[in-house]
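Visitor: I'm new here and would like to learn how to read ring contacts. Could you walk me through them?

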Amino acid sequence: MTEPLFLKSDLHEKLWGGDHLRAFGYDLPSDKIGEYWAISGHKNGVSTVLNGEFAGKSVAELWISNRELFGNQEGDVFPLLTKILDANDWLSVQVHPNNEYARLHEGPKELGKTECWYIISAEEGAEIVYGHNAKSREELEKMIQAGEWDKLLKKTPVKAGEFYHVPSGTMHAIGAGIVILETQQSSDTTYRVYDFDRRGDDGKLRELHIQQSIDTLTIPGNELPSNKSTVENFEEATITTFVKSPFFDVFKWEVAGRHDFKKSALYTLVSVLEGSGKFVSEGKSFEINKGDHFIIPAQIEKWEINGNLMIIASNPE
């Protein structure tokens with residue numbers, strides 16, 4: 001396999017969604033689209049290959065039948081999930097479990113969820129929730145039950161270009177007016193702590209998961225991570241390493257001209273967020289444009305990207 005696996009994926013309608021994902025060239029069926037599961041092997045929104053000998057097959061199928069594409073990585077499920085989110089309103093205040101809790105309570109094949117966010121755009125005054133002020137689990141439970149959200153939640157303003165690592169156990173929420181690229185473990189397990197008393201399409205208050213949240217939240221609450229990004233400048237490219245974690249490494253590739261890359265992991269997930277150009281490997285050239293998402297399989301040892309592009313890439317651990 002000497003060509004990237006270009007993918008088509010599912011759009012997900014959300015109560016808090018909007019229509020900003022049209023900017024990536026996606027045909028939106030409504031103006032309440034909250035998520036595009038761009039690179040996914042998860043059962044709730046699996047990506048399908050568009051090109052080459054594996055056209056029409058899903059990432060989940062290939063994980064089972066052609067594990068060599070992924071360097072024969074071990075595991076029951078494709079481990080990563082890349083999304084683009086359009087938060088036209090606040091998402092719920094929530095927490096995700098770690099692997100052990102998820103497998104025990106959600107099923108043997110469900111992973112925990114550590115994630116991270118690259119802020120693609122943010123309206124003036126946009127905020128996120130990151131962390132909480134409770135000093136003990138007893139205090140946390142008391143403040144949740146009393147609805148003391150202003151005292152409990154830590155909010156921070158955000159702007160385009162920022163990056164946030166969100167380990168499992170972190171109290172968090174994405175605020176209105178933010179579009180993000182999210183890299184995460186392949187999990188769809190979310191425990192809602194607070195949902196602004198919103199009602200779903202059925203007119204009922206949306207389900208909360210108070211006990212699971214109390215069980216899984218980190219005490220004391222996670223602090224905003226310091227910026228540990230490293231930047232390498234080349235003649236026609238800038239490579240930023242945002243995070244190296246137990247689950248994924250995440251990078252920003254900014255190319256203005258031409259840059260050669262070498263394989264540094266079993267495989268690589270790629271999302272084009274700005275611009276257009278070409279991906280070249282072993283003499284084959286592929287057009288890449290804003291809104292494209294693809295996997296560089298294990299068999300590709302080196303490649304070239306040329307054009308004017310901004311890309312978020314991730315490697316599995």
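Visitor: Which residues do ring pairs link into a cluster?

Guide: Rings of Phe, Tyr and Trp (its six-membered ring) pair if their centres lie within 6.5 Å; planes under 30 degrees apart are stacked, over 60 edge-to-face, and the rest tilted. Here, the cluster joins Phe 6, Trp 253, Phe 261, Phe 279, Phe 286, Phe 294 and Trp 303. Keep in mind that this is a predicted model: local features need pLDDT of at least 70, side-chain atom pairs count only at pLDDT 80 or more, and totals for chains, interfaces and linings use all residues. Residues are numbered from 1 along each chain as its sequence is written, and side-chain values use heavy atoms, with hydrogens and water left out.

Visitor: How many aromatic pairs does a search of the whole structure find?

Guide: It turns up 20. Take Trp 90 and Phe 196: their ring centres are 6.0 Å apart with planes at 45°, so that pair is tilted. The two sit 106 residues apart in the chain.

Visitor: Is Trp 90 buried or exposed?

Guide: Buried means under 20% relative accessible area, exposed over 50%, and partly exposed in between (1.4 Å probe, protein chains only). Trp 90 is buried at 15%, while Phe 196 is partly exposed at 30%.

Visitor: What are the planes of Phe 279 and Phe 294 doing?

Guide: They meet at 75°, with the ring centres 5.5 Å apart, so this pair is edge-to-face. Phe 279 is buried, at 0% relative accessible area, and Phe 294 is buried at 0% too.

Note on methods. Helices (H or I, at least four residues) and strands (E, at least two) are DSSP runs, numbered from the N terminus.
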